[in-house]
Amino acid sequence: QVQLAESGGGLVQPGGSLRLECGGPKNIDRYNGIGWYRQAPGDQRELVALIIPSEGGLDGVKYTDSVKGRFTISRDRPKNTVYLQMDHLKPEDSAVYYCRWIASDNRDFWGQGPQVTVSS
């Protein structure tokens, strides 16, 4: 199974910022969804942010309530890369973060999951 390369995790103080980056799978043109998930120790993996691609117009975007106004998901189509800009980070944002690309044929691709730790 292909694991996608991610970068940008690390240790940051509360109130700080990080940007995660994830390159998409090769030779796939259409997707049903592109998102970021996270999993803290002892918790289930949860959806953080999701892009619902639109071929003819603006992509749809969804966020889980706890990150609205602080996190921004974006996509660079020519580079086939998705980003998660995380601002005003809180200790409860600490988790392993995974990107996920769901192809239009429902093949599912995940990133390897960099650790994000928010601590003073």
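Two strands count as paired if DSSP finds at least two bridges between them. In this predicted model, strand β1 (residues 3–4) and strand β11 (residues 108–111) are joined by two bridges and run parallel. Within this pair, Leu 4 lies opposite Gly 111 of β11.

Strands of a sheet pair through backbone hydrogen bonds, in either the parallel or the antiparallel sense.

## The four-stranded sheet

An open sheet is built from four strands in the order β2-β4-β9-β8, and the pairing is antiparallel. β2 (6–7) and β8 (71–76) each have a single partner strand and stand at the edges, so one side of each is left without a neighbour in the sheet.

The partner of β2 is reached through two bridges: β2 and strand β4 (residues 18–23) run antiparallel. Ser 7 has Glu 21 in β4 as its bridge partner.

## The nonpolar core

The largest nonpolar core has 28 residues. Those with the most contacts inside this core are Trp 36, Phe 71, Val 82, Leu 84, Met 86, Tyr 97 and Trp 101. At least two residues of the core come from each of β4, β5 (31–39), β6 (46–52), β8, β9 (81–86), β10 (95–103) and β12 (115–118). With five residues, β10 gives the most to this core.

Which residues are in contact with Leu 84, leaving aside its neighbours within four places in sequence? They are Leu 18, Arg 19, Leu 20, Trp 36, Val 48, Ala 49, Phe 71, Thr 72, Ile 73 and Tyr 97.

Trp 101 is placed in strand β10. Is Trp 101 buried or exposed? Buried means under 20% relative accessible area, and Trp 101 has 0% relative accessibility, so this residue counts as buried. Along the chain, Trp 101 and Tyr 37 are 64 residues apart, and their C-alpha atoms are separated by 11 Å.

Notes. Residues numbered from 1 in each chain as written. Predicted model: local features only at pLDDT ≥ 70, side-chain atom pairs only at ≥ 80, totals over all residues. Heavy atoms only, no water. Core = buried A, V, L, I, M, F, W, Y, C linked by side-chain atoms within 4.5 Å. Buried < 20%, exposed > 50% of the residue type's maximum accessible area, 1.4 Å probe, protein only. Contact = heavy atoms within 4.5 Å.
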